[in-house]
2 protein chains.
Amino acid sequence: MKKTLIIGTAIALFTASAVAQKMSLDKADEAIAYRKASFSLLAANFGDLAARVQGKKPFDAAIVASRVNNVSALAQLPWEAFAVAGSDQGDTNSKAAVWKNAAQFDAARDEFLTAVATLQAAGGDQKALAKAVGAVGKSCKACHSDFKS
Amino acid sequence: MKKTLIIGTAIALFTASAVAQKMSLDKADEAIAYRKASFSLLAANFGDLAARVQGKKPFDAAIVASRVNNVSALAQLPWEAFAVAGSDQGDTNSKAAVWKNAAQFDAARDEFLTAVATLQAAGGDQKALAKAVGAVGKSCKACHSDFKS
């Protein structure tokens, strides 16, 4: 059992360094890439969700539930990457206001996360989903206008 | 109430198209970007998790739990994007074998997802986590060697 554990750990050690070398949260440029990837996946899932809730794509309950789950998970990701030293510089779409007006940025993030929690709580109720999607979209837009260049 | 719903939907309509224009699952090049973003975020989270489980970074239970949750959520994302027509061509790191040997690819994906489910089930048990991280890493590597160029 102990041997298995050591072998397992050795494999993980090798593999983790092999697969994770392109992006981490240890360097500024990688943190910026992490933020962009998170927001892009979030936008793709939210865009598809909104289209289905709005009748622009078929309302498939399983797909909608999957999109809501993805949005909920992805919504948690980008924030830690804003804390990486030096990530206010370089190839970023973030305005300096993210760091200069940190309390305002945190409040905008929290408003978004609250809207996402309400979206998750809507379950399969189409009217509640439509309202929650509207609120999430509004919080995206509000934060982007102040903090995204 | 009805008016609020309509306004909410109109805002979402505007915002979703504004934020989601860069990446979707409707076009081949965007599906490729979606896959890359998913795998990159997955690797970043798994890399940090493995480092903490292996003692290369501090074992912080809250961070470890967050990484496991992120890995579990991100592990679900890339697969649908392989089904987008034309996404076997272009700026992709996927070998043609993904589509030629689809049954084998699906089996490799399922082995990975099973390993990730075991990782999630490990909870805060450090020995179980180390073993599960090893198994996930092994499944990453196995799939990459056959299907990633």
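**Side chains and aromatic pairs**

Tutor: In this predicted model, B:Trp79 has a relative accessible area of 14% and is therefore buried.

Student: Is B:Phe82 buried or exposed?

Tutor: A residue counts as buried under 20% relative accessible area. The value for B:Phe82 is 8%, so this residue is buried.

Student: How many residues apart are B:Phe105 and B:Phe147?

Tutor: B:Phe105 and B:Phe147 form an edge-to-face pair, with 5.1 Å centre to centre and 75° between the planes. B:Phe105 lies in helix α5 and B:Phe147 in helix α6 of chain B, so the pair links distant parts of the chain.

Student: Which side chain of opposite charge is nearest to A:Arg35?

Tutor: A:Arg35, in helix α2 of chain A, is buried and has no salt bridge. Its side chain does reach the backbone oxygen of A:Ser87 at 2.8 Å. A salt bridge requires a distance within 4 Å. At 7.5 Å, the nearest side chain of opposite charge is that of A:Asp88.

Student: What distance separates the C-alpha atoms of A:Leu25 and A:Glu80?

Tutor: A:Leu25 is found in the loop between α1 and α2 of chain A, and A:Glu80 is among the residues that A:Leu25 touches. Although 55 residues apart along the chain, their C-alpha atoms are separated by 8.3 Å.

Key
Residues numbered from 1 in each chain as written. Chains lettered and ligands numbered in written order. Predicted model: local features only at pLDDT ≥ 70, side-chain atom pairs only at ≥ 80, totals over all residues. Heavy atoms only, no water. Helix = DSSP H or I, 4+ residues; strand = E, 2+ residues; numbered from the N terminus. Buried < 20%, exposed > 50% of the residue type's maximum accessible area, 1.4 Å probe, protein only. Lys, Arg positive; Asp, Glu negative; His and termini not counted. Polar contact = N/O pair within 3.5 Å; in protein donor to acceptor, adjacent residues only side chain to side chain. Contact = heavy atoms within 4.5 Å. Phe/Tyr/Trp six-rings, centres within 6.5 Å; stacked < 30°, edge-to-face > 60°. Lists of a residue's contacts leave out its neighbours within four places in sequence.
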